[in-house]
Amino acid sequence: MAKGRILVVDDEIYIVHILDFSLGMEGYEVLTALDGEQALEKARAEHPDLIVLDIMMPKLDGYETCKLLKSEDGTRDIPVILLSAKGRNVDQKIGFEVGADDYITKPFSPRKLVERINAILGQTSPHRMQA
Amino acid sequence: MTLAHAPSATPTELGGEGLSMLSQALLALRSTSDLGASCAIAGACAVRALGASEFRVLRVEARSGAISCLEESGTEIPYLAEHDGPVQWALRHEVAVLDDGASGAAAPRETLLWLEAPLALATLPLISGGTLFGLLLVGFAQPRPFEPGERLFLQTLSDALALSFERSELRRMLEEEHARLAEAERRQRADEEDSAATMSMVAHELRTPLTAIKAYTEALLDNLDNPEAPRQRFLGIVGEECDRLTRLVGDILELSRLEAGQRPLRLSRLDLEKLIRETVEGLQPAARPQGISFRVEVEPSLAPEADPDLLRQLLINLAGNAVKYSPPGGTIRIEARRLGEEWTASVEDQGPGIHSDDLPHVFERFFRARHAGDRAIEGTGLGLAIGRGIVELHGGRIGVQSMQPTGTRFHFTLPHRQLASSRARRIARQVQGRPDLGELFERTVEMVAASMNAEIVSLMLVDPERGDLYIAASRGLEGQNLEGRRTSVRSGVAGSVAAWGRPLCVNNIETDRRFRRLNHPQYKTKSLLCVPLRIEDEVLGVINVNNKVSGEAFDEDDLSVLSALVDRVGSAVERACAYPESDQVVSDAVRAVRSVTRLQQDLMFNGHRAVHLARATAREIGMRDAEVDVMGYVASIHDLGMTRLGPRIASTDPLDQAGLEELVHHPEVSLEIIRPLEYLGVVRDIILSHHERWDGNGYPRGLRGTEIPLGGRILAVVDAFASMTRGRPYRSTRTRAEALEEMRQEAGRQFDPEIVEALARVLEREEGRA
């Protein structure tokens, strides 16, 4: 039984793959999307427990996607972690203004991302439980 | 005319009422910043306190000495001062002229200014801070004396008005300065924003592969003992992303070198068909698995001149893009053919095409068109920007269009020839074999900088090995990498001048349709000159002139003098090559060039003006274009002999006997100095005869009337006029109108009357325009 379902959104396929692997190893079920529009569709249809969302994407960028997610009744309560190569304070501010729950800058550590997700979802790492 | 000494026959004391009016007027003048209002206040005060009938305020333009009458409405009407009238007198001597009317109604009182000519007139110069701004004229209906109190009153009033003028002038200068600064700041901010935006884009592009490398490395480290982790695949991805990072860094460097003009063109003649086929072969590993095929059509024997490495990269970028966007089994068409003096090539795919909104942006850095959203499409986002840089470096243009029903077509057009002809290269080799010519080129650059009053001058020569142009001598480019400033003999300003062999004057490089985009930040002014250096009818190089010290634009007069000077250097080089055994030819030319430099630096305070008037008058007399050019050139160098007189000529001390002798002989000395550079007999004739007089009393030959060469007669008139009106026209020397009047009196004695009148017409037209 999975700990939870996480939607990973990034236009960089390698990033999607590594998050799929890392979160899968953690015991999460991973859904993926390659742009903002796909992300909205999957979020509405699948209602994941958390969304990891890249900012710089074609078609619909992360900010817009997040704003839309937070404005719809069906998806408003899903926590969103923004993921972006932008690292300046002003970008973080916009991130929180559009309703994101957390913000991680690229390059990031998958381990730290997992810890943040665990914290938000109130889970602990199975590895650590074993240790 | 009675001047400021009239004894007062019936002194009328200026009462306390007059003084209170004065103090009110001064108070009012202090509190207004409007010049029209200030004039009205001062004038009304004088009229009321002294019982005058009317007043006028004249403004004098500091540079030209032009006079205009300030109307109350704020408009200015040009005014020509009466000959020997009070305005001329007051301007020349900078003193008040108080005409009490004792000399009768016929005395000159600037009749045209008044509704009814005054019978007594006070003409007061408005001077503040050593500068004369204008005149206040107070006219009276009856003759009247000016007693001491009234003189003091007028003096005080005009001083206060002069202060208003000075304030207004300072404010105008301040506003101009503000506007200039604001513009400079705006530009700098735009530049900074632009580079900040670029930096942030570059950072984002670099972080993307770094993110993958970091994430996969960490995953590998965390899963060293985990049998489920696909370690080999992860390592493969890390390797791929490292490659991507390498490509990105390479592209960024390549682009910045192209954009900074630091990538010199290495030109040669290409076998275009072979180059295209090799490019296609290199792309087969990517194309063949997708079933993508190429169709190449190149016009036979198309062998343009270009940089082979850059052209190969351009083709790889365009054809590589086509492979990326082609559907499986698609065909990519590559065509190249001649187009007159140019050649054109295109690369067309059957891919999804580009959204029409995106078409104008595809050549921008890191721009990814909308169909590129799919991660399967690899690329740095710089390929097309680099492609555009390569095309522009070759002096060509690049474009893109979407095809119906589907597909994208990129096309570019480049000049066919980029290299100097083999004859020019042969001569260039000969020139390079003469080390003494290097000295001549250095001195030439100095001479051009002095003659054109320019900060940056460079002389480019054909490289005999490579066939392109390189900088052989320069001024104002110290500490810069000149190797990168090479150019083909087709592209850019220097290249097109070399290609067409015609001089070029660009008024504003940023708006000039031919060369926009090529401006360089080091050029403070947007105006530039470029003329070809011809030897034996081959263009062997060009001379570029930038940054006029005054900040003004160069004009046709500058271009004509520059062309003439450079032609002379060219002929000296030609003679040097013809007499390879003699080093005398070059050293004589170097000496002459140095003299011209000294003349321009030390003695030609008004050189540009004299050149302009000489050309305009020559044209007015009906001379042909080539003769007009000669006149302008001679006007700029005819006083070469004066350089022998050294600093004495610039001092105000009278010349001693020896100095006078030299002065009288300076036309002959000029001739002797310029001889190593001069090949036109007519030039020597003009120089020798410009101090002859129409009546036969001139020097050195005592020619008379039309015996004097026409050019010499023109130069005599223009030279005299230019030196009479030199400096501040209203002051130590004469106003234009006065100078012209004086010359008219000398017409038929010193000057050819027809030429004096031609000059008068030229001046009249110009004043009408001003």
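Predicted model: local features only at pLDDT ≥ 70, side-chain atom pairs only at ≥ 80, totals over all residues.
View 1. Welcome to chain A, where 6 helices and 5 strands make up the secondary structure. Following the sequence, the elements come in the order β-α-β-α-β-α-β-α-β-α-α. Of the chain's 131 residues, 41% count as buried. Take the contacts in chain A between residues at least 6 apart in sequence: 59% of them join residues at least 24 apart.

View 2. The mean pLDDT of chain A is 84, and 86% of its residues reach 70 or more. Confidence is highest in strand β1 (residues 5-9) of chain A, with a mean of 95, and lowest in helix α6 (residues 126-130) of chain A, with a mean of 44. Across residues 127-131 of chain A the pLDDT is below 50, and this stretch has 1 contact in the model beyond near neighbours in sequence.

**View 3. A cis peptide bond in chain A.** Look here for the bond between Lys106(A) and Pro107(A), which is a cis peptide bond with omega about -5°. Pro107(A) sits in the loop between β5 (102-105) and α5 (110-121) of chain A. For background, most peptide bonds are trans.

**View 4. Where chain B meets chain A.** In this view, 21 residues of chain A are in contact with 17 residues of chain B. On the chain B side, the elements giving two or more residues are α4 (148-222) and α5 (231-259) of chain B. The largest share comes from α4(B), with 12 residues. Sorted by class, the chain B side has 7 charged, 6 nonpolar and 4 polar residues.

**View 5. An overview of chain B.** Chain B has 770 residues, and buried residues make up 43% of them. Its secondary structure comes to 20 helices and 18 strands. Among contacts in chain B between residues at least 6 apart in sequence, 67% join residues at least 24 apart.

**View 6. Helices α2 and α4 of chain B, packed together.** Here helix α2 (residues 35-50) of chain B packs with α4(B) at an angle of about 175°, and their axes are 10 Å apart. The two helices, α2(B) and α4(B), are therefore roughly antiparallel to each other. From α2(B), the residues that meet the partner helix include Leu35(B), Cys39(B), Ala42(B), Ala46(B) and Leu50(B). From α4(B), they include Glu150(B), Phe153(B), Leu157(B), Leu161(B) and Phe165(B). The residues of the contact between α2(B) and α4(B) divide into 13 nonpolar, 3 polar and 1 charged.

**View 7. Helices α12 and α15 of chain B, crossing.** The axes of helix α12 (residues 556-578) of chain B and helix α15 (residues 625-637) of chain B cross at roughly 80° and come within 9 Å. That makes α12(B) roughly perpendicular to α15(B). On the α12(B) side, Asp557(B), Ser560(B), Val561(B) and Ala564(B) make the contact, and α15(B) contributes Asp629(B), Gly632(B), Tyr633(B) and Ser636(B). By class, the residues of this contact divide into 3 nonpolar, 3 polar and 2 charged.

View 8. Helix α18 (residues 710-724) of chain B has 15 residues and reaches 21 Å from its first C-alpha to its last, close to the 21 Å expected at 1.5 Å a residue. This helix, α18(B), is mostly covered, with 11 of its 15 residues buried. Among those buried residues are Leu710(B), Arg713(B), Ile714(B), Val718(B) and Phe721(B). The loop between α17 (681-689) and α18 of chain B holds Pro700(B). A cis peptide bond joins Tyr699(B) and Pro700(B), with omega about 5°.

**View 9. Two loop residues of chain B with positive phi.** Most residues other than glycine have a negative phi. Asn453(B) has a positive phi, near 55°. You can find Asn453(B) in the loop between α10 (435-452) and β14 (454-462) of chain B. With 19 other C-beta atoms within 10 Å, Asn453(B) is partly exposed. Glu536(B) also has a positive phi, near 50°, and lies in the loop between β17 (528-535) and β18 (538-548) of chain B. Glu536(B) is partly exposed, with 15 other C-beta atoms within 10 Å.

Notes:
Residues numbered from 1 in each chain as written. Chains lettered and ligands numbered in written order. pLDDT = per-residue confidence, 0-100. Helix = DSSP H or I, 4+ residues; strand = E, 2+ residues; numbered from the N terminus. Contact = placed C-beta atoms within 7 Å. Nonpolar A, V, L, I, M, F, W, Y, C, P; charged D, E, K, R; others polar. Buried ≥ 20, exposed ≤ 12 C-beta atoms within 10 Å, placed from the backbone. Axes fitted to C-alpha atoms, helices over the stretch in contact; angles between N-to-C directions. Parallel < 35°, antiparallel > 145°, perpendicular 65-115°, else oblique. Expected span 1.5 Å × (residues − 1).
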